[in-house]
Structure formats: structure tokens, C-alpha cells
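The sequence and structure are shown first.

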Amino acid sequence: ITSALANQCNNCEAKGRRICSFSMCPDGDGWVCFGERPDGTGGHLWTGGLCRGLGDSMLDDEMDEYTLGTNEDGSASGVAFNSTTGAWRGYNLDKGIVADLMKNRLKRIRLLHNGQFWAKVDGSMLWRLHNKHLEQEIQRLQTQNVLEVAESPETGAWVVIAADTFSCSKNLPRDLEKDLSNLYGWRKADAEKQRKDAEQYDAVLARLG
């Protein structure tokens, strides 16, 4: 990420705020970062490097998730939405994306470069992608609760994040793939430990009963 966004993330952490959402423009210039206190109060959006129209469109107290992208002509686009109600507002979005979103209750969206996007709506997912391998992996993981999709505009490397697994392209940086593998390995081990602890607890209660 850019140094400006990294500094903002560090500032949030230093002040005890959790980072709920952040996004960078695929061209690497603009960014948004939303953070709040651990109790859910004090939500605030910080922005940098955005054109005035895009920056103003992101400022909405009712929103808590943000994503930035670029259209096929290279112009910047953005969506701010409420992860609870599904309400959203967009800036400079392709008419096709707007039409798709207007028909569904939005649960999550990720704008990408060159007019691409992925979105989760009630009961299904929507996407417009140029990479067939990425599309195939999203389709393969449809039943695995896909949470996030990302693709590099420079290298074409991509990753699909699901609740209990992930999939990535062969050219994803090895250190990032290793970090993801370690994270999912830790989560799996933690879930197994919790399961065993629950079984032991139930066994003790059964003996007491």
C-alpha cells in the first residue's frame, strides 16, 4: 500500500481505533480508510489523493464500507455502502454496474480496474471480470462463502478469499500466499481446539448429570 495509507493505518492503531474498511485506487494514487473505536463509536473516514467529486461522494455518516476502482477509460470510480442495511451510493459508476446493483440488495462489493467488479448480493454473487481463471475460481467457491476478490492491475495476479479457504493465481507473490496459508492454517487449528474443548466440557457435564 502507499506510504500515506500505511501512515493512516498506523495512526488508527496508535489511537486505539480498529480499521473497518480501506481501499486504494488501482492507479495507486487515491485511498480511503474508515476506522472506529472498539465499542463501535467514533467512526471516521480519512481520504487522500482523491478528486473532489469522488472524495465528497464517500463522505456519508451512514456508510461503513468503501471501495475504489477505475473504469475502462481510466477514470476513477467509487462505492460507499452500509454493510447492515445494504444502502449504497456510487460515483462515476458504469451504467451496467448501476443497473446490476439496483436490482439487488447489496451485501459486499469490490471495484477493480478497467471497469471490473465483484459483488455479493442476497442469495448470489455478481461480477464482471476479464480473467476467465478468476471467474472459474469464484464459481468453484460459490458454496464456500466468498468474502473478497482482488486482482493486481500491474501483474494480473489475483486472489479469492472465502470463509474457510482461499484460491490464488500462480503469480501471486510467494510471501503473500504463505501469509494466507499460515492464517487459514491457524484458523483451522483454533477451530479444532475449540471443538475439542467443547467436547470435553460436554463430557464433564454428562458425568455431573
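## Basis of the description

Strands, in this report, are DSSP runs of at least two E residues, numbered from the N terminus. The structure is a predicted model. The average pLDDT of the protein is 87, and 94% of the residues score at least 70. Among the elements, helix H4 (residues 132–140) has the highest mean pLDDT, 95, while helix H2 (residues 52–58) has the lowest, 76.

Phe 22 belongs to strand S1 (residues 18–24). Its relative accessibility is 39%, and Phe 22 therefore counts as partly exposed. Together with Ile 1 and Ile 19, Phe 22 makes a nonpolar surface patch of about 290 Å².

Arg 18 counts as partly exposed because its relative accessibility is 41%. Glu 36, by contrast, has a relative accessibility of 13% and so counts as buried, the limit for that class being under 20%.

## Further salt bridges

Side chains of opposite charge can pair when their charged atoms come close. A search of the whole structure finds nine salt bridges. One of them joins Glu 65 and Arg 108, whose closest N and O atoms are 3.6 Å apart. Here too the pair links distant parts of the chain: Glu 65 is in strand S4 (residues 65–70) and Arg 108 in strand S7, 43 residues apart. Glu 65 has a relative accessibility of 14% and therefore counts as buried, whereas Arg 108, at 22%, counts as partly exposed. Both residues also belong to a network of salt bridges that includes Arg 110 and Glu 148.

A salt bridge is also formed by Asp 94 and Arg 128, with 3.1 Å between the closest N and O atoms. Asp 94 lies in the loop between strand S6 (88–91) and helix H3 (95–102), and Arg 128 lies in strand S9 (residues 124–128), so this pair ties together parts that are 34 residues apart in sequence. Asp 94 counts as partly exposed because its relative accessibility is 32%. Arg 128 likewise counts as partly exposed, at 27%.

## The hairpin of S7 and S8

Strand S7 (residues 106–111) and strand S8 (residues 117–121) run antiparallel and are joined by five bridges. Within this pairing, Ile 109 stands opposite Ala 119 in S8. The hairpin has five residues between its strands, and Asn 114 takes a positive phi near 60° in this hairpin.

## Leu 172

Leu 172 is located in the loop between strand S12 (166–168) and helix H5 (174–208). Is Leu 172 buried or exposed? Its relative accessibility is 6%, and Leu 172 therefore counts as buried.

Apart from neighbours within four places in sequence, Leu 172 is in contact with Ala 157, Trp 158, Glu 177 and Leu 180. The C-alpha atoms of Leu 172 and Ala 119 are separated by 22 Å, and the two residues are 53 residues apart along the chain.

Methods:
Residues are numbered from 1 along each chain as its sequence is written. This is a predicted model: local features need pLDDT of at least 70, side-chain atom pairs count only at pLDDT 80 or more; totals for chains, interfaces and linings use all residues. Side-chain values use heavy atoms; hydrogens and water are left out. Helices (H or I, at least four residues) and strands (E, at least two) are DSSP runs, numbered from the N terminus. Buried means under 20% relative accessible area, exposed over 50%, partly exposed in between (1.4 Å probe, protein chains only). Contact means heavy atoms within 4.5 Å. Two strands pair if DSSP finds at least two bridges between them. Patches are made of residues with over 30% relative accessible area and no salt bridge: like charges are joined within 9 Å, nonpolar side chains (Val, Leu, Ile, Met, Phe, Trp, Tyr) within 5 Å. Accessible areas come from the Shrake-Rupley method with a 1.4 Å probe; for residues, only the protein chains shown count as cover. A salt bridge is a side-chain nitrogen of Lys or Arg within 4 Å of a carboxyl oxygen of Asp or Glu. pLDDT is the predictor's confidence in each residue, from 0 to 100.
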